[in-house]
Amino acid sequence: MSVFSGLGTAAKEVVRGGRIYYAWVALLLVFISLGLVAYLGQLRNGLGVTNMRNQVAWGFYISNFTFLVGVAAAAVLLVIPAYVYNFKPIKEIAFLGELMAVTAIVMCILFVAVDVGGPGNLWHLIPFIGRPNFPVSLLTWDIVVLNGYLGINGFIFFYVLYKVSRGQKYSRILPLILLSIPWAVGIHTVTAFLYNGLVARPFWNAAILAPRFLASAFCSGPALMILVLQLVRRQFRIDIDGRALTKIAELVAYALAFNLFLLGAEAFKEFYGQSEHIAPMKYLYLGLHGHHALVPFMWTALTLNVTALMLFLVPRFRNNGKLLNVGCVFILCGVYIEKGLGLVVPGFTPDALGEIYEYVPSVTELAVSLGIWSSGALCFTLLAKFSIPVFIKAKQFTLLGEPSE
Amino acid sequence: MKNDGCTPRACPSGEPSGSAPAERGAPLLQLGRRPPDRRAILGASVAAVAGVATGSGCGNHHFDAHYKELTDEDKRRIFERIEAETRHKTGVDVKISAPQPMDGVEFAYALDLSLCNGNRRCAEACARENNLPDVPKFRYIQVLEMDRGTLDFENANAYYEHDEVPVPGKVYLPVQCQHCANPPCVKVCPVTATWREPDGLVVVDYNWCIGCRYCIAACPYFGRRFNFHEPTVRPRNINPDMGYISNRLRPVGVVEKCTFCLQRTRVGRYPACLEACPTGARKFGNLADPNGEVRIMLERKRVYVLKEELGTLPRFYYFYG
């Protein structure tokens, strides 16, 4: 009983908070309402209210989806040092990584749901009732692995929370925690293959795609994590070891360097060879036949990523809190551009018959996306507010509950 | 105004862009799914999250089974329902049918590029036969205009407007669904809403499609179209002879495509594009028939297919006669 009253107290924490907390939640609710209104308009009028067309069939929604799969996968960068290498400072905060994974997957599912033309037909994907094209369609694979990842991380998060609140060990789910590592690689690989398998789209139909997906995910997710951890540290006044942050930053630096190397390899192949497959690359970085909507964004992304690499490679910079944060913001923006619109749109530009339709998101798309991001932020905020006090209260038990001890 | 979804709705602005002056003032009708009412919208947003079925939209087609699972009785019931809905909404009496593939038939197309002069009658005839929307305007057949001496899609133009064709120095390449024997679009569909029929036609079950557009991403030939807007066809333009998996009126939010005019070709007629072609560039027939038109072209002409290197095995052949 005391457990539930303990969790009940924790639940009360969710509705208690300072002025900043209330203002933040209120702001998120306003954004969510905006997004909802925009989505209702889209349901009423069809996807024509977006700027997607037959030439560019996927746009901002699927871009955000792709980026967020990366953020979700990156939770393993906390789980690996915590549970494989038993790095204590990160072990204490690993549950926040799992929480971020859960939040990111929820947003992923929302972004796909708002992208389909017939949400009322989505039950066709359910096995036995519908007719899912498994295992042939990579989209069905993606649904399986994403929901599996959501289930695994959601279960770990709540199980650990429950055990910690009772002051018990949670070592029994260590296998599940370890399973989440290959599973994270899996969600990202499957999402990459979703694009990769399309012979119609030379920009995606290159074997480098899945490795690049992983490299960029291990930049953006942890960068977001570093920022969020600092916010958590300030808001809840809990002690998060600085070594945890610099360790994550170090891992980010390797991933970022590798990501830029892969980009270079891609650029060399296209620009040296000069085959017709260079068109999407040209569209991205130079402009094609007078169309250059994405050019400034791509160069911004490249500049941000290279600058961030410099900041993260030099230990003196990455140990400086301020520069570390600047680097994280740079990486987030850089990867968001590169792996969002910079990945999806050039797959369709030029289209299969060489036509160029210049896609930029419509107001509806921006509003709906803002709503989904806000619901993700709200989900994370509420769950953090709910769970962190439990961990604070049981701090000693957390230490005792380490599976390895 | 309460919209029950089954009364004709005049186009509010009266005049859509791009329509011919002679058609000015003719009322436009909303032919697809009705705009959902508030409850339906709530339901649909719940469905979007939970992935469950809801009853939004006219006719409850969200509960229809997959085409391949329909019994004759199901078909009769659904066809009658669609006929009644269409009559109610447009005032046009239509007949829905589902002609079946014939044994020993594999349809294929052949097109003589030396005859094609870019007049695009094929694309227009196709639009009328297959009830393509007047607004927004799109076509199943894209005729690419290219400089003589090239086959360069990137510098091609599908939106040329000339008083006279052919324009000297230009060549024309019509492209539509190639009805591949190894169709990449079919592979990627997450719900098996599109498939290749035994006679080689690649079709879509409009009631089953979830509108994810993965098939559009997968198609190397720009062979598929998505209904981003509520498709609207003027009542007098409606072709009442409708196939369930071909030219019946489509709802918003689903993918559609060329079916080689299945509603005609399976009952022994030519596709509309072929009949409309004034130059005789188009040939259509049964690959399995040694005396079929396409077989003769394959044997006598040097044919090629588009993007052969992709391994899609198109059943649409091009040749220079």
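In this predicted model, Gln142(B) sits opposite Val175(B), a residue of strand S4 of chain B. The two strands involved, S3(B) and S4(B), run antiparallel to each other and are joined over six bridges. S4(B) covers residues 170–175, and five of its six residues are buried, so the strand is largely enclosed by the rest of the structure. S3(B), for its part, turns up again at the contact between the chains, where it supplies at least two residues of the side of chain B that touches chain A.

Another part of chain B forms an open sheet of four strands, in the order S10-S2-S12-S11 and with mixed pairing. Its edges are S10 (282–286) and S11 (303–304), each of which pairs on one side only. S11(B) is held to S12(B), residues 316–319, in the antiparallel sense over two bridges, and here Val303(B) stands opposite Phe319(B). Strands of a sheet pair through backbone hydrogen bonds, either parallel or antiparallel. Helix H8 of chain B, residues 293–300, lies across S2 (107–112), S10, S11 and S12, and runs at about 110° to S10(B).

Stepping back to chain B as a whole, the chain has eight helices and twelve strands. Of its 321 residues, 50% are buried. Gly243(B) belongs to strand S8, residues 241–243, and counts as buried because 21 other C-beta atoms lie within 10 Å, where the cut-off is 20 or more. Beyond its neighbours within four places in sequence, Gly243(B) is in contact with Ser97(B), Ala98(B), Pro99(B), Arg248(B), Leu262(B) and Gln263(B). Cys122(B), which is 121 residues away along the chain, has its C-alpha atom 20 Å from that of Gly243(B).

How do the two chains meet? The contact takes 46 residues from chain A and 55 residues from chain B. On the chain B side, helix H1 (38–50), strand S3 (142–147), helix H4 (184–188), helix H5 (214–218) and strand S7 (224–226) each supply at least two residues. H1(B) has the largest share, with six residues. By type, the chain B side divides into 37 nonpolar, 13 polar and five charged residues.

In soluble globular proteins, nonpolar side chains tend to be buried together. Leaving out its neighbours within four places in sequence, Cys108(A) is in contact with Phe65(A), Leu68(A), Val69(A), Ala72(A) and Leu146(A).

Also in chain A, helix H4 (residues 76–84) is mostly covered, with seven of its nine residues buried. The buried ones are Val76(A), Leu77(A), Leu78(A), Val79(A), Pro81(A), Ala82(A) and Tyr83(A). The cover over these residues includes helix H3 (60–73), helix H5 (88–91), H6, helix H8 (174–196), helix H9 (209–236) and helix H10 (242–273) of chain A. After H4(A) comes Asn86(A), with a positive phi near 55°.

Helix H9 of chain A is also where Ile226(A) is found. Ile226(A) is buried because 21 other C-beta atoms lie within 10 Å. Away from its neighbours within four places in sequence, Ile226(A) is in contact with Leu245(A), Ile248(A), Ala249(A), Leu324(A) and Cys328(A). For Ile226(A) and Ala249(A), 23 residues apart along the chain, the C-alpha atoms are separated by 7.8 Å.

As for confidence, the model scores ipTM 0.93 and pTM 0.89. Chain A has a mean pLDDT of 91, with 95% of its residues at 70 or more; for chain B the mean is 86, with 81% of residues reaching 70 or more. Over residues 1–59 of chain B the pLDDT is below 50, although this stretch has 106 contacts in the model beyond near neighbours in sequence. In chain A, pLDDT stays under 50 over residues 396–405, for which there are 16 contacts beyond four places in sequence. Where pLDDT is low, the predicted coordinates should not be read in detail. H1(B), the helix with the largest share of the chain B side of the contact, spans residues 38–50 and falls in the stretch of chain B with pLDDT below 50.

Terms used:
Residues are numbered from 1 along each chain as its sequence is written. Chains are lettered from A and ligands numbered from 1 in the order in which they are written. This is a predicted model: local features need pLDDT of at least 70, side-chain atom pairs count only at pLDDT 80 or more; totals for chains, interfaces and linings use all residues. Two residues are in contact if their C-beta atoms, placed from the backbone, lie within 7 Å. Ala, Val, Leu, Ile, Met, Phe, Trp, Tyr, Cys and Pro count as nonpolar, Asp, Glu, Lys and Arg as charged, and the others, Gly among them, as polar. Two strands pair if DSSP finds at least two bridges between them. Axes are lines fitted to C-alpha atoms, for helices over the stretch in contact, and angles run from 0 to 180 degrees between N-to-C directions. pLDDT is the predictor's confidence in each residue, from 0 to 100. A residue is buried if 20 or more other C-beta atoms lie within 10 Å of its own, exposed if 12 or fewer, and partly exposed in between; C-beta atoms are placed from the backbone.
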